[in-house]
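Open the structure in your viewer and keep the selection tool handy. We will go from stop to stop, and at each one you will pick something and look at what is around it.

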Protein chains: 2
Amino acid sequence: MASVGTVLPQQMSFDTPLALRSGATLGHYTLHYETYGTLNADASNAVLVCHALNASHHVAGEYAGQERSEGWWDNLVGPGKPLDTNHFFVIGINNLGSCFGSTGPMHLNPQTGKPYGADFPVVTVEDWVDAQARLIERLGIRQLAAVLGGSLGGMQALAWTLRYPERLRYCVAVATAPNLSAQNIAFNEVARRAIITDPDFHGGHFYEHGVVPKRGLRVARMIGHITYLSDDSMEAKFGRDMRAGGPAYSTQDIEFQIESYLRHQGDKFSEYFDANTYLLITRALDYFDPAREHGGDLSRAFAIARQHKFLVVSFTTDWRFSPARSREIVKALVDNRIDVSYAEIDAPHGHDAFLLEDPRYHGVMRAYFQRIAASLKTGGQDE
Amino acid sequence: MASVGTVLPQQMSFDTPLALRSGATLGHYTLHYETYGTLNADASNAVLVCHALNASHHVAGEYAGQERSEGWWDNLVGPGKPLDTNHFFVIGINNLGSCFGSTGPMHLNPQTGKPYGADFPVVTVEDWVDAQARLIERLGIRQLAAVLGGSLGGMQALAWTLRYPERLRYCVAVATAPNLSAQNIAFNEVARRAIITDPDFHGGHFYEHGVVPKRGLRVARMIGHITYLSDDSMEAKFGRDMRAGGPAYSTQDIEFQIESYLRHQGDKFSEYFDANTYLLITRALDYFDPAREHGGDLSRAFAIARQHKFLVVSFTTDWRFSPARSREIVKALVDNRIDVSYAEIDAPHGHDAFLLEDPRYHGVMRAYFQRIAASLKTGGQDE
């Protein structure tokens, strides 16, 4: 299977103010995006791919002259791949508040002439979807064939069906949940506290001080990594292996391989990720809760999504968003007699499994997108 | 059931150097301890209670004039309680490296005249047991009726059977594990990094700077708390409940009740716990691995413990030290045809369950200590 090849990010600016859930408004903003494949004549073959915490609009392909610059879901998206760009026009959009191009805390606040920093408005999953919908409209797409996302991206895919029910046909929600559990929120909060209490955070205005709260970012990323991996895969990969030479009896030096791995992940992350973006994105996760406006009844929330078809995928060892959370979504859909396919993939890799190339997982995705592709030829109906 | 009443901590100093696993030596040290009940004429009714991360020698009873100063296992230890001080002479010893009295990083290093700080030698579970054994000997006790501990305390109880097999008869190991998993070590390491990278840590010599690395301690404690509670109990207690007034759309303020709870726990902890002690105790947890010297074969490690009788207790929702980890201990004991009772308690509270008063759990503990009490009257044999 081939890659989509060399790709170029694009951008689109918007001057119509975007009203956010918080009550704040973004007057002007820019979204970075990429597309792969060709939009067909009736603009019916577009698939939007929504990204999670650490990703961007760069879903597939490579940047010219940059080694190892493959998009974050390159194993899934491309010619002949499960989401086949020979059939679909695939769109990746970087979300507002990100640090990968779209308007975010590192950009200038037009009201102050300084970087937004902590003054960047809090954004929600619904706000992101609103911004994405405008871009999709400007691309001339009245109805998406599908919206696809994993983890936080899956929440966006779900939110699309609730906010713009007439503007997509299929929803593919992978390794996601209808809201965060108390434990999920707790992990987010510890990570945020590590960042916010780092003296280099300066209340979120560290750009002006020429520093980065790297200590906090490192700790946040280490915590995150523990929750992305399954207990078993961490045990299989690292176990209790020690650094060469056996114990040095030190509390501060690395003794175990797992420590070395986590520190490396934390260091890398602190070099490129923005602290304010981390806060914004984890908060968007915390707030997402479509059942909330319906008295906590998820089935009532999905009553509006009756014309859609869903694929929901979970992974057995994912303890961040466990299969039980996906089954809550499935139950709410079934309660509404909505067409839903559900796959619980027996994979050892924990939450990270949604980014990996597992044959059973990719087989399910391939089959479902083939079904969507077939429906394109029949005017939007399954044959 | 009555409390043991008002208690007084005692201390005992040792001038015989203690050789530590690390190769270092503690020339002089003091242990703080408490006792409850009365040692019988042949000194056969003594039970040592080993403490975990956050506890001390103050196992039961209260301090005169101090409200809410009950010992950490006061619900288990006292007259008429499961570990009945009408029958047993119970001893709590504060471990070396602690911040609750026994020689630790806050004390003066005789070689420098300044607090040890980060120069306090790394101590292991085995080192603690060696120090405890000396104190027990000085109390005139040649053989303990039992050693009891939960979590890290359970590791000490297990280590007693391996290091001093002739000096105890029963071992009660609750909510513990034969070693830490990679995930357990990972959580410890993140907590340590939060402390060590706090600018107020000063490489572990913060005492001289008149500061305390409270930011790091707070984050460490928040992470710990997440792992002590079960996902379900956190969900039941806090769920997605928000602070009064609904969302304020802030990344830095408290939005959810779980955040308020965790911050409170972190704040409290940072007021009284020592950062160097935190590093030492989590490292002792990391290193504990009795199977290591036996090619990773836990059954071979326990071959020396054939004359003991064991009670092993686990809790269904404990994901820090899950029942599967206790069953590894039980298997190793059974492989050696050792007398072991195992109770897997169906309790919702996660790892914290070992400190709580669950009727089934306390019923098991009571029955087992009654068996030990009965054996005292028959000269050390079960009747």
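At which residues of chain A does UniProt place the feature "binding site"? The unreviewed UniProt entry puts this feature at A:Arg221 and A:Asp352. Select both: although they are spread over 132 residues of sequence, they cluster in space, with a largest C-alpha distance of 14.0 Å. A:Arg221 and A:Asp352 are also included in the lining of the second largest pocket. Keep in mind on this tour that you are looking at a predicted model.

**Stop 1: A:Arg221.** Select this residue, and you will find A:Arg221 in helix H4 of chain A. A:Arg221 is buried, with a relative accessible area of 8%. Now show its surroundings: beyond its neighbours within four places in sequence, A:Arg221 is in contact with A:Asn54, A:Tyr228, A:Gln265, A:Gly266, A:Phe269 and A:Tyr272.

**Stop 2: A:Asp352.** This one sits in the loop between strand E12 (339-345) and helix H10 (359-377) of chain A. Leaving aside neighbours within four places in sequence, A:Asp352 is in contact with A:Tyr228 and A:Leu229.

**Stop 3: helix H4 of chain B.** Select residues 214-228 of chain B. The 15 residues of this helix should span 21 Å at 1.5 Å a residue, and its end C-alpha atoms are 21 Å apart, which agrees. Is H4(B) mostly covered or mostly open? It is mostly covered, as 12 of its 15 residues are buried; among them are B:Arg221, B:His225 and B:Tyr228. Color what covers the buried residues of H4(B): this includes helices H3 and H4 of chain A, together with helices H3, H5, H6 and H7 of chain B.

**Stop 4: strand E4 of chain B.** Next, pick residues 29-36 of chain B. Of the 8 residues in this strand, 7 are buried, so the rest of the structure largely encloses it. E4(B) pairs in the antiparallel sense with strand E1 (residues 10-14) of chain B over 5 bridges, where B:Ser13 has B:Thr30 as its bridge partner. E4(B) also pairs in the antiparallel sense with strand E8 (residues 89-93) of chain B, over 4 bridges; here B:Glu34 is partnered by B:Gly92.

**Stop 5: the cysteines.** How many disulfides are there over all chains? The count is 0. Select A:Cys171 to see why: its sulfur is 8.8 Å from the closest cysteine sulfur, in A:Cys50, too far for a bond. A disulfide needs the two sulfur atoms within 2.5 Å. A:Cys171 is buried, with a relative accessible area of 0%.

Methods:
Residues numbered from 1 in each chain as written. Chains lettered and ligands numbered in written order. Predicted model: local features only at pLDDT ≥ 70, side-chain atom pairs only at ≥ 80, totals over all residues. Heavy atoms only, no water. Buried < 20%, exposed > 50% of the residue type's maximum accessible area, 1.4 Å probe, protein only. Helix = DSSP H or I, 4+ residues; strand = E, 2+ residues; numbered from the N terminus. Pairing = 2+ DSSP bridges. Expected span 1.5 Å × (residues − 1). Contact = heavy atoms within 4.5 Å. UniProt positions renumbered as here; feature names shortened; annotations may be inferred. 1 Å grid on protein atoms, 1.4 Å probe; cavity = no way out; pocket = protein on both sides within 12 Å on 5 of 7 lines; lining within 4 Å.
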